[in-house]
Amino acid sequence: MVKRCSSLGRKQYHYEDVPKGHFVVYVGQNRSRYIIPISFLSRPEFKRLLQQAEEEYGFDHDMGLTIPCEEHVFQSLTSMFM
């Protein structure tokens, strides 16, 4: 299940609320925080999003794993994974 979280302190990372087997991504212009299952990493569609993130932001930045797409597109895509 994908869980959207409130944007508590954009500069602070809150990992204590991330269940085992999940990770956090930030999506969209407002960088909305989502907790998603690690199983998504095996999906080709999600791998493409990660490639786009690497091309746009790289992985060596202080913004957390940021997915470069509109929030509604991310929600629609991940809902198909369930």
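The side chain of Thr-78 has a polar atom 3.3 Å from the backbone oxygen of Gln-75. Such a polar contact is a pair of N or O atoms within 3.5 Å; within protein, one must be able to donate a hydrogen and the other to accept it, and residues adjacent in sequence count only if both atoms are side-chain atoms. The model is predicted: local features need pLDDT of at least 70 and side-chain atom pairs pLDDT 80 or more, while totals for chains, interfaces and linings use all residues. Residues are numbered from 1 along each chain as its sequence is written, and side-chain values use heavy atoms, with hydrogens and water left out.

Thr-78 is found in helix 2; helices (H or I, at least four residues) and strands (E, at least two) are DSSP runs, numbered from the N terminus. With a relative accessibility of 2%, Thr-78 counts as buried. Buried means under 20% relative accessible area, exposed over 50%, and partly exposed in between (1.4 Å probe, protein chains only).

## The buried face of helix 2

Phe-74, Leu-77 and Thr-78 are buried in helix 2. Viewed down the helix axis, the buried residues fall within an arc of 90 degrees, so they line one face of helix 2. The arc is taken from the directions from the helix axis to the C-beta atoms. An α-helix has 3.6 residues a turn, so residues three or four places apart point the same way.

Strand 2 (22-27), strand 3, helix 1 and strand 4 (66-67) are what the buried residues of helix 2 pack against. Contact means heavy atoms within 4.5 Å.

## Aromatic pairs

Rings of Phe, Tyr and Trp (its six-membered ring) pair if their centres lie within 6.5 Å; planes under 30 degrees apart count as stacked, over 60 as edge-to-face and the rest as tilted. The count by this rule is four aromatic pairs. In one of them, the ring centres of Phe-40 and Phe-81 are 4.8 Å apart and the planes stand at 85 degrees, so the pair is edge-to-face. Phe-40 lies in the loop between strand 3 (32-37) and helix 1 (44-57), and Phe-81 in the segment after helix 2 (71-79), so the pair ties together parts 41 residues apart in sequence.

Phe-40 is buried at 3% relative accessible area, and Phe-81 is buried at 11%. Ring pairs link Phe-23, Phe-40, Phe-46 and Phe-81 into a cluster.

## Surroundings of Phe-81

Not counting residues up to four places away in sequence, Phe-81 touches Phe-40, Arg-43, Glu-45 and Phe-46.
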